Amino acid sequence: LAHICPTYPVAMEYFEWRFRATFAALAFLLHCGGADRFHITDVRPAPVNRTFKSQLVDYVVAKVGHDILPQPLGTLFQNCLPNTLDTTVLHAGAIAGLPDSFVITGDIPAMWLRDGMNQVYPYVRLLNASKAVGKEDAALEQFLFGVVHRQAKSVMIDEYTNAFAWWGPRGQTGSNANDQTFKEFESGAGVENAMQNLRIFERKFELDSLLSFIKLASGVHEAAPQDAERQFLHDPDFLPAVQKVISTLEGMSSCANNVYTFSRQASEPTDTLSHGVGFPCHDTGMVRTHFRPSDDAVLFDFNVPGNAMAAVELGRLSTVLLSLSSAQQRSKTAYQWLGDIAELKSRAEKLEASIRAGIRQHGTMNFNGDTVFAYEVDGFGNAVFMDDANVPSLLSLPLLGFVSENDPLYLATRRAVLSSRNPWFFKGKLGIGGVGGPHVGRNCIWPMSLMVQAWTSDSVEEVSQLLQQLMIVSDPNSLMHESFNKDTVSLFTRSWFAWANTLFGDLVLRVATHSSLFKAANLTRPLDLEALIRDWQPGDVVLI
């Protein structure tokens, strides 16, 4: 049975503990249901068709997916972890002497700041592990610096844009050309519809988009601090973009700020803002947003998970700025675009403190007798409880680094999120329960929510079950989707959704390396990732 279903030993242990040996054999039938429930095949593109190649990533994918993980989990891992590099890198090289990388989401040929960060962040973790053992993948490092540079340059074009197209000439129109959202691109040139700029693919202001740029920069800095100091100081867009992010967050802390407007003729009401500005709010110390991480309009302006992410990333940004300030003082080169880094750091710290205080004062609510985090509040005392599958979400608060997974307030919130008390939690004939959201509508569960549920759990049984479910819903193309119908995996949205694919690969690595959760992947001991990478010889050809 263990040969047919790799997770059978874990399931048997689970059933023996609860029902003793008499019913242990039920583990195979109830937990695994037979090997034919999985239809996972190798769908990774041939090397010649991959859009970017990293020796480090290929090595980890081959060793972990083929030699360490049981099948078919290993095959799905091999398909998913490198999917962003394999299929979505539209450009990776240098422009004007600076590394520059453009990553599309998958089936949408544009670069979302949020998706782009999440698509490549698992590779930051691998870079970090390789640096820890003195191994170098210069191509991967430059690729990641290129994504940071591209996002910095994008923020300098427009701080309210969530998705950018590959640079094109001014005066042409993109797919959202009829959106009404205005700004002055050049001083004295007058206000124009921002959608007339081909560089802008969609201009929905989403707080987490700006934070994603900051998170990626901080992650790369943690992995390669000295290289990051040189790169960020030398990049004429990086610190000006950071300053623009901070200024925007400061401005959007005020409910009197209506500089940004957005209106779209849409069949879905969540695709536009009421009267172009949304509903009224009252200042809370938090930062407003007009759209959620799902690209849907907010109900109330203060999105609590987004602000939790802001608090965390502003704290990490302060560390980066301290490092850059020290490097600037040591440098013999005077860069005219640097400005006052210490003053930027002070503003970031002030914002972080304000946001944390705002969440404490306004970001919780009484819900069915429990005190929980609210999803959104308006500052007038109104709050909504729900959760959306897209990150940042309430379910993802420990993943964001805002609370621990054992925090009592988080646990109460988690129980409510993963229940019928959350209007966007669904469970159907598949027996799989998960979170969806307004973006694709009722009865649709996002695999991403199952991944976040696993990431924020310390239960071997729960994580094992979620890995099984994720393997089931990878049907029919052996990859992750945006969503699937609660009653059948044959109804799904987006067969090419790189963020979900890479997140799944990252989750598997997290489980495999965890001191206790490794059992959920049917491993006999935790994977030592650094030891694995220590054996890697850069330059060796890995065929997979």
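1. Basis of the note. The structure is a predicted model, in which local features need pLDDT of at least 70 and side-chain atom pairs count only at pLDDT 80 or more, while totals for chains, interfaces and linings use all residues. Residues are numbered from 1 along each chain as its sequence is written, and side-chain values use heavy atoms, with hydrogens and water left out.

2. Salt bridges overall. A search of the whole structure gives 38 salt bridges (a salt bridge is a side-chain nitrogen of Lys or Arg within 4 Å of a carboxyl oxygen of Asp or Glu).

3. K153 and D237. A salt bridge joins the side chains of K153 and D237, at 3.4 Å from N to O. This pair links distant parts of the chain, 84 residues apart: K153 belongs to helix 7 (residues 138-157), whereas D237 sits in the loop between helix 9 (225-234) and helix 10 (238-251). Helices (H or I, at least four residues) and strands (E, at least two) are DSSP runs, numbered from the N terminus. K153 is partly exposed, with a relative accessible area of 31%, but D237 is buried at 13%. Here buried means under 20% relative accessible area, exposed over 50%, and partly exposed in between (1.4 Å probe, protein chains only).

4. E376 and R292. The side chains of E376 and R292 form a salt bridge of 2.7 Å, N to O. Because E376 lies in strand 11 (residues 376-377) and R292 in the loop between helix 10 and strand 8 (302-303), the pair ties together parts that are 84 residues apart in sequence. E376 is buried at 0% relative accessibility, and R292 is buried with a relative accessible area of 5%.

5. Salt bridges with shared partners connect R114, D115, E206, D208 and D295 in one network. Within it, the side chains of D115 and R114 meet at 3.5 Å, N to O, and both D115 and R114 are buried.

6. Helix 11 and helix 12. How do the axes of helix 11 (residues 304-330) and helix 12 (residues 341-362) cross? They come within 8 Å and cross at roughly 160 degrees; axes are lines fitted to C-alpha atoms, for helices over the stretch in contact, and angles run from 0 to 180 degrees between N-to-C directions. The two helices are therefore roughly antiparallel (angles under 35 degrees count as roughly parallel, over 145 as roughly antiparallel, 65 to 115 as roughly perpendicular and the rest as oblique).

7. Aromatic pairs. The count comes to 17 aromatic pairs; rings of Phe, Tyr and Trp (its six-membered ring) pair if their centres lie within 6.5 Å, and planes under 30 degrees apart count as stacked, over 60 as edge-to-face and the rest as tilted. The ring centres of Y160 and F205 are 5.4 Å apart and the planes stand at 70 degrees, so this pair is edge-to-face. Y160 is in the loop between helix 7 and strand 4 (163-164), and F205 in the loop between strand 7 (200-202) and helix 8 (207-223), 45 residues apart. Y160 is buried at 9% relative accessibility, as is F205 at 1%.

8. Further rings. F262 and F291 are also edge-to-face, because their centres lie 5.3 Å apart with planes at 80 degrees. Both F262 and F291 are buried. Elsewhere, ring pairs join F145, F213, F232 and F238 into a cluster.
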